[in-house]
Amino acid sequence: VERLTDPGDLFVYASRKKDEATETPRLPAMDALDRLNADYQTQDLTTGPHPMAYIREQLSDVWRAKDLAKVTTGQRITIGGMVICRQRPGTAKGHVFVSLEDETGIANAFVPGQVFERERLVITQESILLITGVMQRVRGAHSVKTESVEPLAFGSLASPSHDFH
């Protein structure tokens, strides 16, 4: 305990304690990936770059959604992105449709029932996927007929999707 002997010391002591109490704590600066994860943890979205933009350079063999029009029918490719929708219509005989969003748009995948059963947990539980398959075009629409699916790990990032409605 500090002993005050001069009445003027009381003012100095009180001012010093006030300054200590109002000092702003210093936190380490967040990097871009920290901000991205914080955005998704608090808002389920970000106003910054799309998550795929951060890792695109590492995915040289993964096609961007906007470039899929250049792919020829029957060509084997890999697409990747955040799952924004999973659909399993009753009329689809066990087949599933998955929409992936990347930094350029949306890519669609058709998942045959057999592949879905084999990869069920990955397809239904992971937020970001890599899907490899064959490009198909039906009545002007293009999608990837899925052969294999794998999760694309991206820290603790998780995004909501619209599933099976």
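Which elements cover the buried residues of helix 2? Helix 3 (51–55) and strand 2 (76–87) are included in that cover.

The views below come from a predicted model, in which local features need pLDDT of at least 70 and side-chain atom pairs count only at pLDDT 80 or more, while totals for chains, interfaces and linings use all residues. Residues are numbered from 1 along each chain as its sequence is written, and side-chain values use heavy atoms, with hydrogens and water left out.

**Figure 1. Overview of the protein.** The secondary structure comprises 5 helices and 7 strands, arranged from the N terminus as α-α-α-β-β-β-β-α-α-β-β-β. Helices (H or I, at least four residues) and strands (E, at least two) are DSSP runs, numbered from the N terminus. Of the 165 residues, 35% are buried; buried denotes under 20% relative accessible area, exposed over 50%, and partly exposed the range in between (1.4 Å probe, protein chains only). The protein exposes about 10,700 Å², of which carbon and sulfur atoms supply 52%; accessible areas come from the Shrake-Rupley method with a 1.4 Å probe, and for residues only the protein chains shown count as cover. Among contacts between residues at least 6 apart in sequence, 56% join residues at least 24 apart, a contact being heavy atoms within 4.5 Å.

**Figure 2. Helix 2 and its buried face.** Helix 2 spans residues 32–43, and its 12 residues reach 16 Å from first to last C-alpha, close to the 16 Å expected at 1.5 Å a residue; the expected span is 1.5 Å times one less than the number of residues. Leu36, Asn37 and Tyr40 are buried in this helix. Viewed down the axis of helix 2, its buried residues fall within an arc of 95 degrees, so they line one face of the helix; the arc is that of the directions from the helix axis to the C-beta atoms. Exposed Thr42 and Gln43 are carried on the face turned away from the buried side.

**Figure 3. The two ends of helix 2.** At the start of helix 2, a side-chain oxygen of Asp31 comes within 3.1 Å of the backbone nitrogen of Leu33. This pair is shown as a polar contact, defined as N or O atoms within 3.5 Å; within protein, one must be able to donate a hydrogen and the other to accept it, and residues adjacent in sequence count only if both atoms are side-chain atoms. Asp44 follows the helix and lies in the loop between helix 2 and helix 3. Although Asp44 is not a glycine, its phi is positive, about 65 degrees. Most residues other than glycine have a negative phi. Asp44 is partly exposed, at 43% relative accessibility.

**Figure 4. The largest nonpolar core.** This core has 21 residues, and Ile79, Val98 and Ile131 have the most contacts inside it. Two or more residues are given to this core by each of strand 2, strand 3 (96–102), strand 4 (105–111), helix 4 (113–118), helix 5 (120–125), strand 5 (128–138) and strand 6 (141–151). A second, separate core of 11 residues includes Leu36, Tyr40, Met52 and Val62. A nonpolar core is a set of buried Ala, Val, Leu, Ile, Met, Phe, Trp, Tyr and Cys residues joined through side-chain atoms within 4.5 Å. In soluble globular proteins, nonpolar side chains tend to be buried together. Beyond its neighbours within four places in sequence, Val98 is in contact with Val83, Cys85, Ala107, Asn108, Ala109, Val111, Ile123 and Ile131.

Figure 5. Ile77 is found in strand 2 and is buried at 3% relative accessibility. Its C-alpha atom is separated by 5.7 Å from that of Gly133, 56 residues apart along the chain. Leaving aside neighbours within four places in sequence, the contacts of Ile77 include Trp63, Leu68, Ile131 and Val144. Val83, also located in strand 2, is buried with a relative accessible area of 1%.

Figure 6. Arg56 occupies the loop between helix 3 and strand 1 (62–63) and is buried, with a relative accessible area of 14%. A polar atom of its side chain lies 3.0 Å from the backbone oxygen of Val62. The side chains of Arg56 and Asp102 are joined by a polar contact of 3.4 Å.
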